[in-house]
Amino acid sequence: MRSIVLDGKSVAQQLEVSQKAKAQQIFEQSGIRPSLATILVGNDPSSAIYVQMKVNACHRVGLGSKKVVLPQSTTTDELKKVIRALNADPSVCGILLQHPVPDQIDEQACFDEISLENDVDGVTCHGFGRMSLGRNAYGSATPTGIMKLLKAYEIQLEGLNAVVVGRSSILGKPMSQMLLSENATVTTCHSRTKNLEEIIRNADLVVGAVGKPNFIKDSWIKDGAIVIDAGYHPPGIGDIQIESLKNRSLAYTPVPGGVGPMTIASLIDQTIDSALNRLMK
Ligand code: NAP
């Protein structure tokens, strides 16, 4: 079987064309160049790279960016104050607080300080609740990107037996909700799941969101399944051992070049949507 490569890099590049046009239209009609505000707390080198990639994407499509960098010792109250100031800035049409923040900070409390209209990374409790109930809200960027990728390849989800491995609030849980909203039958697995291998053997679609390199073995995945790997471990290993799946899955995401570019594309899409809602009324 020749598997379909779910090429996130190429789909994201196509999305950038319409993102550029929309950003230009907003600027011409409102005179404002909308910005994504990014907040990086501490000295984690990977987080600094992820933030820079998002800033670069803003510049490629013609959005502004406001980069806030805070020291490792920042408190919850200090971070909340910064977020409140960004909420009040009319040129800011989205706020990205890079995860993870240092341990002394209550991350969810800070996420929840982001106003719903600025929650373009889908991290607030309010946004998650609304998205889960099918109400208008921005979804968490990584699962939203995965859904866009599946849609770009016209993969039908209705009735599929979907298994999501991981239940983090930014990835596994919203992923499960989004698949459920598309009428898949969803099983969410985590570190206390029993018989993981057996559950995965039954899956028509598997999402790896574990954070452990090659944790899900290719031998656990049946022929013809759809394989989505959200993991990334330098230099280019995912959470799913992919080798034999490259020619016996229905479709799979490469690592890198699958889910990663779609995460950024979704963040930018949602920032532009927020700007359109605010500046073009
Ligand atoms: P996380 O917060 O560490 O969550 C990992 C999840 O995996 C947890 O729910 C955990 O279960 C589960 N898990 C751990 N060990 C397990 C086991 N033995 N069996 C089954 N489940 C197990 O990670 P995350 O932030 O969701 O990220 C997951 C992966 O996605 C990472 O590789 C990360 O780098 C990647 N990621 C990629 C992007 C992108 O743009 N491509 C964005 C975000 C994240 P418990 O809840 O029981 O602890």
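Strands here are DSSP runs of E with at least two residues, and helices are runs of H or I with at least four, numbered from the N terminus. This is a predicted model, in which local features need pLDDT of at least 70, side-chain atom pairs count only at pLDDT 80 or more, and totals for chains, interfaces and linings use all residues. Residues are numbered from 1 along each chain as its sequence is written, and side-chain values use heavy atoms, with hydrogens and water left out.

**The sheet**

Show β2 and β4 whole. They run parallel, joined by five bridges. Two strands count as paired if DSSP finds at least two bridges between them.

Click T38, then K67 in β3: they are bridge partners.

Now view the three strands together. The sheet is open, and its order is β3-β2-β4. β3 and β4 (92-97) are the edge strands, each pairing on one side only. Neighbouring strands are turned by 20° against each other on average, direction ignored.

Next, select helix α9. It packs on this sheet and touches β2 and β4. Its direction makes about 150° with that of β4. Contact means heavy atoms within 4.5 Å. Axes are lines fitted to C-alpha atoms, for helices over the stretch in contact, and angles run from 0 to 180 degrees between N-to-C directions.

**The crossover**

Trace β2, helix α2 (residues 45-61) and β3. Together they make a right-handed β-α-β unit. Right-handed means that, with the strands pointing away from you, the path from the first strand over the helix to the second runs clockwise.

**Helix against helix**

Select α6 (residues 141-152) with α9 (residues 259-279). They pack at about 105°, their axes 7 Å apart. That makes α6 roughly perpendicular to α9, a label for angles of 65 to 115 degrees. Show the side chains where they meet: I146 and L149 are among those from α6, M262 and L267 among those from α9. This contact divides into six nonpolar, six polar and two charged residues. Nonpolar covers Ala, Val, Leu, Ile, Met, Phe, Trp, Tyr, Cys and Pro; charged covers Asp, Glu, Lys and Arg; the others, Gly among them, are polar.

Finish on helix α7 (residues 172-181). Its axis comes within 8 Å of that of α6, and the two cross at roughly 35°. Pick out P143, T144, I146 and M147 of α6, then P174, M175, M178 and L179 of α7. This contact has seven nonpolar, one polar and no charged residues.

Notes
Parallel < 35°, antiparallel > 145°, perpendicular 65-115°, else oblique.
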